[in-house]
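Please read the following note beside the model, taking the points in order.

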Amino acid sequence: MKKPETIDVLTIGAGGGAYPAAFWLAKRAQRVVMVDPKGVMSGNCLAEGCVPSKVVREMARHVTRHRRFESYGMGGEPTIDYRKIIAHKDNVQRSRYIQHGEELVRSRNIELIKGRASLQDPHTVTVETDAGDRRYTVRHIIVASGADVFVPSIPGAELCLTSSDLYRLNPTVKVLPQTLTVIGGGYIGVETASFYAALGVHVTVLERGRQLLSGMDPDMVAMLVPLLDPRIRVMFEVDVDRIEQGVHGMTVHYRQGDFSGKELSDQVLIAAGRRPVLPEGLAALDIEVGHTGIAVNGALQTSHPHIYACGDVNGRVPLFHAAVRESLVAAHNIMAGDVAADTMDFTNVPTTVFTLPAAAYVGMTRTAAAQRGVAVVEAGYEFLEDSRAQIFGETGGGLRLFFEPKSLRLIGGWVVGIDAGNLIGEIGLACANGLTAQQLAAFADQHPMTSEGIGHAARSLL
Ligand code: ADP
């Protein structure tokens, strides 16, 4: 192995938790090395997550609109060429990789190494590359190694597809199955069920619990479920025993209470969650790992103040945009000399379940407040009365805002239906900045856009 190189910052991973910090620090004359076995930036978000799944989602949404628009004098049952949808998805991914590559070429003080990093001691990192091992002496480390699909140890699980098989470049699935069984009713399972159903696939979701999207606000979920495609069938309190490959497709054997049954389908997707990817050497450094991932404080520091853990690897809010903000918080604190000059607001990060239609939430909802014994004042708006929703014929759903009783400060909200993923951004910004019902009501939000519902709801309290 070569003599160790001395650098300022090394990031383990080159995804959302790593590269925003890397660029920010490099611009401030820090010598930065990013390490990722993919050899490209953007992590799993672009490789097999947010971006590719949203390509399929938006194409599927177009299909649902096309069908509905038949009664408005256009559209009808569209022809769907899934191979072309996948080709478009692959093109979006490829062009974003090119864009990121160009960004990297333009930047000084920053290098991306294709390899796997492991921690040797608090200031030494080894990188295993195809051309041999490299060793770095570093002043600061950002662990941003992300998360991976969790496959439970059910016999036959290896026969199932994972979200990676659907969404990675040149994916396994290029032809739509007629029937699909989804094991797991979390957001990845329900989103995929929703896209595939819109594309004409009959989907059965097998959920172990009693609610889809467990952990999310039950009022929001209750509003969403009746709006999902009728091609989706959900079975609750199901424990999968084993999966078998037969001549005519796959069989999922399950138990539901005292009943033992089997579900037959062309393909099975396992969507039982994700778990953090921990780089080697972490345990020897006594870095605490909690049940969601590496334990961090609000400054994103681990038990070693110069070692940060950002993004999915800490499991606090496993979303790309949370990782980006966390990464910048870490960068600010590195520049400040490993002190908490900036902290992460883990509460006000918007989350969208990109089903058709979507459900989105931020901050504290009524159920979460009730669990903590906190009183809230609630305001609502229904898309039935919204002009944009009427224009699209998508009047299902609505939004709810939650305020502190005395100050009427906005502390949370959720949206189900048209534009949910956009609306939650505005609601989140208002929450994060402590805006009140009076301030929301005084803002002339645009007409005829669904965002006018936010002011409408706020005005109902005044
Ligand atoms: P996040 O959004 O939390 O940053 P991502 O999935 O976007 O998560 O990025 C994590 C990246 O970390 C992935 O591209 C993965 O390949 C990379 N990675 C995982 N383990 C290591 C490791 N030991 N060394 C370097 N990179 C790693």
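Predicted model: local features only at pLDDT ≥ 70, side-chain atom pairs only at ≥ 80, totals over all residues.

1. Helices (H or I, at least four residues) and strands (E, at least two) are DSSP runs, numbered from the N terminus.

2. Glu237 counts as partly exposed because its relative accessibility is 43%, where buried means under 20% relative accessible area, exposed over 50%, and partly exposed in between (1.4 Å probe, protein chains only).

3. Helix α4 (residues 82–106) has 25 residues and spans 36 Å from its first C-alpha to its last, which is close to the 36 Å expected at 1.5 Å a residue; the expected span is 1.5 Å times one less than the number of residues. Buried residues of α4 include Ile85, Ile86, Lys89, Gln93, Tyr97, His100 and Leu104. An α-helix has 3.6 residues a turn, so residues three or four places apart point the same way.

4. Two peptide bonds deserve a look. The bond from Leu356 to Pro357 is cis, with omega near 0°, and Pro357 sits in the loop between β17 (351–353) and β18 (358–363). The bond from His447 to Pro448 is cis as well, with omega near -5°, and Pro448 is found in the loop between α12 (437–442) and α13 (452–459).

5. Which residues lie nearest the centre of the second largest pocket? They are Arg61, Leu356, Pro357, Ala358 and Glu394, out of a lining of 30 residues. On a 1 Å grid over the protein atoms alone, a pocket is an open set of points where a 1.4 Å probe fits, with protein on both sides within 12 Å along at least five of seven lines, and lining residues have an atom within 4 Å of a point. The second largest pocket holds about 650 Å³ of space, and α3 gives the most to its lining, with seven residues.

6. Rings of Phe, Tyr and Trp (its six-membered ring) pair if their centres lie within 6.5 Å, and planes under 30 degrees apart count as stacked, over 60 as edge-to-face and the rest as tilted. By this rule there are six aromatic pairs. The pair of Phe69 and Tyr72 is tilted, because the ring centres are 5.5 Å apart and the planes stand at 35°. Phe69, at 17% relative accessibility, counts as buried, whereas Tyr72, at 44%, counts as partly exposed. Phe69 and Tyr72 form one aromatic cluster with Phe392.

7. A charge sits over a ring if NZ of Lys or CZ of Arg is within 6 Å of the ring centre and within 35 degrees of the ring normal. The charged end of Arg28 lies over the ring of Trp24, 3.7 Å from its centre, and that of Arg316 lies over the ring of Phe346, 3.9 Å from its centre.

Notes:
Residues numbered from 1 in each chain as written. Heavy atoms only, no water. Points joined across faces, edges and corners; volume = space filled by probe spheres on them.
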